[in-house]
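Here is a note for a colleague opening this structure for the first time. Please read the points with the model on screen.

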Amino acid sequence: MNKYIFLLASVFLFVSCGETSNTNTITVKDINELNSAISNAGPGDEIVMTNGEWKDVNIKFVGYGNEESPITLRAETAGEVKITGSSDLKLGGEHLIVNGLHFTNGASPSQAVIDFGISQDTVANHTKVINSVITDFNKAQRNMTDLWVRFRGRHNELDHCYIAGKSNRGPTVRIDLAGKNSIKNYHKITNNYFGPRPPKGGPSAETIQLGNSFTSMAPSHTLVANNFFDHCNGEVEIISSKTNFNEFRNNVFYKSEGSLVTRHGNYCIVDGNVFIGDDNSDQIGGIRLIGTGHWVTNNYFYNLNGQTFRSPLAVMNGIPKSPLNRYLQVTDVVVANNSWVNCVSPWQFGVGSNIDQKDILPKSEIRSATPIRTIVANNLIYNETNDKQPIVRHDSIDGILFKSNIINNQGGIFNAVDGLIQEDVSMTVAKGNILMPEQPLSDFELYHGFEFDQIKTDLFGNSRADKNMVGAVVDKPTGKTDMMNTSLYGPDWFNKDSSKNTTSKSHTAATTKELTTALESAINGDTIILSAERYEINNPLKINKKLSILGASTNSKKTIVYNGPKETPAFEMHPKGELSLQNVHLNGQKEQYAFASLKENMSSLYNLNVVDCIISDFDYVLKAYKYSFSEYITFESSSVLNCTNGLELSEEVEDKGEYNAENIVINNCTFDSVARNVIDYYRGGYDESTVGGNLVVTNSTFTHCGPTADSGLLLNTYGIINVNLTNNEFIDNPVKLVARLWGAKNNSAKDNVIKNSGELIVQENLPMKLMY
């Protein structure tokens, strides 16, 4: 018997050794060798791509490894394999690993840069993409849609990757659930660094989207955990959960202008996340809740100023009998053991209530279903200065039960609710930027609701069994790494701050040739100083990097005369172009443009800052072509004189919620004899969650403008959400209307002087074309 067991063991050992000896490391140097290696790979094999640029490669990595012996595709040296040009990676099969690739300076020719699927039937399962990077991989125009990572199949992972800079339409990462082979998927998105995503100007720019409206009732069970979201400003939803049973744990949202949103689907767990705001932004939000059965626990919100859809906690109204793509009523939700520190109006209920618009919207769009069977308990609000309105009621809150919540509002009086008790709580630093009560508050009786015993730990993983209290933190962490330590996220080989490491310098230009030469040789962040009195330019000056052009003397402006062809700009704004023009007189010949975007292929945004300048005798001061986008356009202490058109940003006419600029600021400026389109800034389409664009016009004078303005309108701001017209003078402008403001949105006008210039009116509800 013992001999038989020994013999059997020997056979197993021989077979095992034989399998191990069949594994290979295959080094490949081009796409043909790579395709051959993939077609012949078996369990345990490792395919190594040699260092260098791999341009215009379409990789289909299909293989069938197993749990013990996956098939690996990796870079020879992590980060040294650059995948560029028209390239993508599609995955199919079982137990695959992709490691150390860098996608850059290109764009996918397909629907995704990395796709966990080849077709509807051939998808990847138990497959990982790790230690990899995607940057500068945008399609040519922002209206072109793609994803940078598309999940299909089941049990796939994106781990320790860095992904940043997506500017075209489409979520950065999306979980697709179409097809039975992609539901109940248990995907994991963990330990990644999602770097800055610029605002897109309209919808469909989430950083992560889990499902869509039409699969929103399907179970996903996706885990999004331990990720860092840095300035993810694409749109109002940083994460959009549109399926059931997803979990969002221990993520950091750092100065990201949006929110984590349970947009469709139900039964999400939102636990242990940190939301960090910025005093300079009122667009940074926290968590927005729609739907049924969510648990929101142990989250920490700091210094958030966002309002309504971007408020620190936004509990929405739903639509009765809502279709899948609209808003389900909030029911059976628990918000417990969270902390809001120095947040403005942190709790907002009935967000999105629009009963006052019932006369212009169909019944199917009216959000009148207030939250019901919802518990808000054991939470902490702390303000260093008193908040006049910590709770905002956009509609009835009768369906919400408040229990055992504490607020220290520094004695400030506000419209309170039962279950929110004012206490003199002092705070101390628990870890990094995170505060906790200095004293244990042991005498305060907590609410013990159904399954509240399942909230076993706090934000740091400390047990609540012996030392429980209100808020996200019950004790200082022991041995837990600081969540704000960015080295924990993404690949360790990639420098997340590489764009900030260049040293800028100054160039002096005494002639037109020296100016054009300096523009070509300058690097990002450089300054060009104009020392001559006059420059004659015959072709557009291309701005494709961050540059400052300054007149050398503040006593007199340097003159740039543009003699270029008709309908061309003196300054041509390219993707990633940022121009700061100061102390310059820019003069045209009435047929050209002062500034304009490219007509096409604006793959990324541009920015423009004009300070202490004169812009005169142009057809257009600014021509923003269709699909172009700017985050900031600023005119400060400048004059616009004798131009046919002013700032024209109204090319997005499909009424799909798109617009051409996020922020336009005009301060202390003069507009004189601008015939039409003085400021033409347009956003069409009923997209109620859009919170842009933003127009601020202050301390400025408008005279003799608008004689040929369309509809007799001087400033067109139709559909723009935030408009502020303050302390301006409108004198002798032959128009019917100075402006038509949108009263239902954040449009305001005060302290303006209007003489012989028509009216400034407020229309409460603008008729808008439905997008859905």
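1. Start at the cap of helix 2. Asp 30 caps the N-terminal end of helix 2, with a side-chain oxygen 3.2 Å from the backbone nitrogen of Asn 32. A polar contact is a pair of N or O atoms within 3.5 Å; within protein, one must be able to donate a hydrogen and the other to accept it, and residues adjacent in sequence count only if both atoms are side-chain atoms. Helices (H or I, at least four residues) and strands (E, at least two) are DSSP runs, numbered from the N terminus.

2. A word on the basis. This is a predicted model, in which local features need pLDDT of at least 70 and side-chain atom pairs count only at pLDDT 80 or more, while totals for chains, interfaces and linings use all residues. Residues are numbered from 1 along each chain as its sequence is written, and side-chain values use heavy atoms, with hydrogens and water left out.

3. Which residues of helix 2 are buried? In this helix (residues 31–40), they are Leu 34, Ala 37 and Ile 38. They cover an arc of only 100° around the axis, which puts them on the same side of helix 2. The arc is that of the directions from the helix axis to the C-beta atoms. On the other side of helix 2, Asn 32, Ser 39 and Asn 40 are exposed. Buried means under 20% relative accessible area, exposed over 50%, and partly exposed in between (1.4 Å probe, protein chains only).

4. What do the buried residues of helix 2 pack against? The partners are strand 1 (25–28), strand 2 (46–49), strand 3 (52–55), strand 4 (58–64) and strand 5 (71–75). Contact means heavy atoms within 4.5 Å.

5. Helix 3 (residues 512–521) has Leu 515, Ala 518 and Leu 519 as its buried residues. Seen down the axis of helix 3, these fall within an arc of 100°, so they line one face of the helix. Lys 513 and Glu 520 are exposed on the other side of helix 3. The buried residues of helix 3 pack against strand 44 (506–509), strand 45 (526–530), strand 46 (534–537), strand 47 (541–543) and strand 48 (546–551).

6. Now the cores. A nonpolar core is a set of buried Ala, Val, Leu, Ile, Met, Phe, Trp, Tyr and Cys residues joined through side-chain atoms within 4.5 Å. The largest has 79 residues, of which Met 49, Ile 59, Phe 61, Leu 158, Ile 239 and Trp 347 touch the most other members. Apart from it lies another core, of 68 residues, including Ala 594, Leu 598, Leu 608 and Val 678. Leaving aside neighbours within four places in sequence, Met 49 has contacts that include Val 28, Leu 34, Trp 54 and Ile 59.

7. The structure holds 27 aromatic pairs. Rings of Phe, Tyr and Trp (its six-membered ring) pair if their centres lie within 6.5 Å; planes under 30 degrees apart count as stacked, over 60 as edge-to-face and the rest as tilted. The rings of Phe 229 and Phe 253 are stacked, because their centres are 4.7 Å apart and their planes at 5°. Phe 229 lies in strand 22 (residues 228–230) and Phe 253 in strand 25 (residues 252–254), so the pair ties together parts that are 24 residues apart in sequence. Phe 229 counts as buried at 0% relative accessibility, and Phe 253 does at 2%.

8. A further stacked pair is Phe 245 and Tyr 267, with ring centres 5.4 Å apart and planes at 10°. Phe 245 is partly exposed at 35% relative accessibility. Tyr 267 is partly exposed too, with a relative accessible area of 41%.

9. Look next at strand 66 (residues 737–742). Why is strand 66 largely enclosed by the rest of the structure? Because 5 of its 6 residues are buried. Strand 63 (residues 713–716) and strand 66 pair in the parallel sense over 2 bridges. Two strands pair if DSSP finds at least two bridges between them. Leu 713 stands opposite Leu 737 in strand 66. Strand 66 also runs parallel to strand 69 (residues 759–763), joined by 5 bridges. Ala 739 has Leu 760 in strand 69 as its bridge partner.
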